[in-house]
Amino acid sequence: DDTAVWATHVEGHKTQTVVTGLRPATQYTFSVFASNAVGKGAESDQFGVETDPGNPDAPGLTGGVPLASSPRKVKLSWSPGYHGGRPVHEYRIEYWPSRGVGSQSGKWVVDGNETSANVPGLEPNSTYLFRMSAVNEMGTSEYSNNVTATTRSIGLPGSVGEIRARVFGDSVAVSFEVPDQSIYENKIISKYVATLAPKGAETETRVLEKPFDIENGRLSFTLSNVNLAVYTIAIH
């Protein structure tokens, strides 16, 4: 409380004392009076002192939620603590698996102006503990409270979208809209299978494997040495 008033008691034979628990880079006003068994004496003149800058206070983590766009990320949010009289230039986030197995601990650094961050590099369907600290030019705060968050499960990829095909010579250029999961988390989908069903002939299968050439949400590839026929193309 910036308007709080409190008293520090000092033994009568002393002429100085150290007042602790003050906030860095803050102006305080002091006065002194003596007291004995009879009562309180007159107060001295007031005098002001400004404390030096110091380490920031710890931020307060307010929550962690999995990102819908990726099973390997969690969004953390926090409330900044007092800056200590100097700007906070970065926050340091630490995380580790809640059961100590299945994934590695790690660190992530974000700009001091932020109050939320997407932490990447996590394992899907895993629960993590998070904590963080604030840093200014004077030093590093104590750690925040811990919060727990669980990443999404990978699950099955969605269906592909619109398929387009263009014939040139004995080849067919094919493109299709990829499922959302392959846009945001390319490691989820390891391959696509294209099925060609020529009219009146045996069905053919072509496998498309990573790395994928995805542009504007569409994946393109070319089918070569295609026989002259009417084809039905399916991709999954």
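Phe30 is partly exposed in this predicted model, with a relative accessible area of 22%.

Let's start with the rings themselves. A pair of aromatic rings is described by the distance of the centres and the angle of the planes. A search of the whole structure turns up six aromatic pairs. One of them joins Phe30 and Phe47, with 5.8 Å from centre to centre and 25 degrees between the planes, which makes the pair stacked. Phe30 belongs to strand β1 and Phe47 to strand β2 (residues 47–50), so their contact ties together parts that lie 17 residues apart in sequence.

Rolling a probe the size of a water molecule over the atoms shows where empty space is left. The largest pocket has a volume of about 1100 Å³, and 30 residues line it. Phe30 is among the residues that lie nearest its centre, along with Ala7, Thr8, Ser31 and Val32. Strand β1 (residues 27–30) gives the most to this lining, contributing four residues. Sorted by class, the lining holds twelve nonpolar, twelve polar and six charged residues.

Now turn to the strands further along the chain. Strands of a sheet pair through backbone hydrogen bonds, either parallel or antiparallel. Three strands here make an open sheet in the order β3-β4-β7, with antiparallel pairing. At its edges stand β3 (60–66) and β7 (116–119); each has a single partner strand, so one side of each is left without a neighbour in the sheet. From one strand to the next, the twist averages 20 degrees.

Strand β12 (residues 171–177) runs antiparallel to β16, joined by six bridges, with Ala173 standing opposite Thr222. Strand β15 (residues 214–215) also runs antiparallel to β16, through two bridges; here Glu215 is partnered by Arg218. What lies between β15 and β16? The two strands form a hairpin with two residues between them, and Asn216 in the turn has a positive phi of about 55 degrees.

Methods: Residues numbered from 1 in each chain as written. Predicted model: local features only at pLDDT ≥ 70, side-chain atom pairs only at ≥ 80, totals over all residues. Heavy atoms only, no water. 1 Å grid on protein atoms, 1.4 Å probe; cavity = no way out; pocket = protein on both sides within 12 Å on 5 of 7 lines; lining within 4 Å. Points joined across faces, edges and corners; volume = space filled by probe spheres on them. Nonpolar A, V, L, I, M, F, W, Y, C, P; charged D, E, K, R; others polar. Pairing = 2+ DSSP bridges. Axes fitted to C-alpha atoms, helices over the stretch in contact; angles between N-to-C directions. Phe/Tyr/Trp six-rings, centres within 6.5 Å; stacked < 30°, edge-to-face > 60°. Buried < 20%, exposed > 50% of the residue type's maximum accessible area, 1.4 Å probe, protein only.
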